[in-house]
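User: I have a model to go through with you. Can we take it step by step?
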Amino acid sequence: MKRISLIVLLLLSIFVLSSCQIKTTSKEEYVKLYYDYHVQSKKSTGAIDLRDLNTDFASGHIKGFVNYNYQKGNKEEFIYYVSSMYNKNTYIFLIDNNGESVVEASNILKEEGYKHIIIYQEGYSALEDYAKEYLQIVTGTDDCGC
């Protein structure tokens, strides 16, 4: 009986350790992780800016982020958009205006089996000045991925 309990405990531990992680970060950690994963190591990363394309995203965003206007979409469309570009082992970075959309979107991705989701909850404007020191901020929609 002890052996079966130990096996069940071991399997449960493996499941918990291999399941999805939504990592909520400080602005410093968010920028560092993006720089380390996307710029330096070229890990499999995806970066999605969930703000409005023509107003917020076009006026300034981190180079390498694609746009998906989360407020105008729906769950199925969002899943299709992400799954058409990124596999479930990709490190997905999410940013929005105020932290509401990133929480909802990260939970959707978690439900879909994405394993590495990194969010910053205070919004792009709170991140921008710090990010300028380490990452390139660009304007326009040419690189929106839409």
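This is a predicted model: local features need pLDDT of at least 70, side-chain atom pairs count only at pLDDT 80 or more; totals for chains, interfaces and linings use all residues.

User: How many helices and strands does the protein have?
Analyst: Six helices and seven strands. From the N terminus on, the order is α-β-α-β-α-β-β-α-β-α-β-α-β.

User: Which strands form the open sheet, and in what order?
Analyst: Five strands, ordered β1-β6-β5-β2-β4, with parallel pairing. The edges are β1 and β4, and each pairs on one side only.

User: How many bridges join β1 to β6?
Analyst: Four, and the two strands run parallel; β1 covers residues 21–24. Gln21 lies in β1. Its bridge partner in β6 is His116.

User: What else is Gln21 in contact with?
Analyst: Contact means heavy atoms within 4.5 Å. Leaving aside neighbours within four places in sequence, Gln21 is in contact with Lys115, His116 and Ile117. Gln21 and Ile117 are 96 residues apart in sequence, yet their C-alpha atoms are 6.2 Å apart in space.

User: And β5 with β6, over how many bridges do they pair?
Analyst: Four again, in the parallel sense. Phe93 has Ile118 as its bridge partner in β6. Tyr91 stands opposite His116 in β6.

User: Switching to packing. What share of the residues counts as buried?
Analyst: Of the 146 residues, 40% count as buried. Buried means under 20% relative accessible area, exposed over 50%, and partly exposed in between (1.4 Å probe, protein chains only).

User: What about contacts across the sequence? What percentage joins residues at least 24 apart?
Analyst: It is 71%, among contacts between residues at least 6 apart in sequence.

User: How many residues are in the largest nonpolar core?
Analyst: That core has 19 residues. A nonpolar core is a set of buried Ala, Val, Leu, Ile, Met, Phe, Trp, Tyr and Cys residues joined through side-chain atoms within 4.5 Å. Those with the most contacts inside it are Ile48, Leu50, Phe78, Val82, Ile92, Leu94 and Leu109. Elements giving two or more residues to this core are α4 (75–85), β5 (91–95), α5 (100–111) and β6 (116–119).

User: Take Leu109. Which residues is it in contact with?
Analyst: Phe78, Val82, Ile92, Leu94, Tyr114 and Ile117, leaving aside neighbours within four places in sequence. Another core of 17 residues lies apart from the largest one, and it includes Ala47, Tyr91, Tyr124 and Ala131.

User: Now rings. How many aromatic pairs does the structure hold?
Analyst: It holds 10. Rings of Phe, Tyr and Trp (its six-membered ring) pair if their centres lie within 6.5 Å; planes under 30 degrees apart count as stacked, over 60 as edge-to-face and the rest as tilted.

User: Why does the pair of Tyr34 and Phe65 count as tilted?
Analyst: Their planes are at 45°, so the pair is tilted; the ring centres are 5.0 Å apart. Tyr34 sits in helix α2 (residues 27–40), and Phe65 in the loop between β3 (61–62) and β4 (66–67), 31 residues apart. Tyr34 is buried at 1% relative accessibility. Phe65 is also buried, at 1%.

User: And Tyr68 with Tyr81, how far apart are the ring centres?
Analyst: The centres are 5.0 Å apart, with planes at 40°, so this pair is tilted. Tyr68 lies in the loop between β4 and α4 and Tyr81 in helix α4, so the pair ties together parts 13 residues apart in sequence. Both residues are buried.

User: Which residues form the aromatic cluster?
Analyst: Tyr30, Tyr34, Tyr37, Phe65, Tyr91, Phe93 and Tyr120.

User: Last topic: Asp49. Is it buried or exposed?
Analyst: Buried, at 1% relative accessibility. Asp49 lies in strand β2 (residues 45–49). A polar contact of 2.8 Å joins the side chains of Asp49 and Arg51. A polar contact is a pair of N or O atoms within 3.5 Å; within protein, one must be able to donate a hydrogen and the other to accept it, and residues adjacent in sequence count only if both atoms are side-chain atoms.

User: Where does the charged end of Arg51 sit?
Analyst: Over the ring of Tyr124, 4.0 Å from its centre. The criterion is NZ of Lys or CZ of Arg within 6 Å of the ring centre and within 35 degrees of the ring normal.

Methods. Residues are numbered from 1 along each chain as its sequence is written. Side-chain values use heavy atoms; hydrogens and water are left out. Two strands pair if DSSP finds at least two bridges between them.
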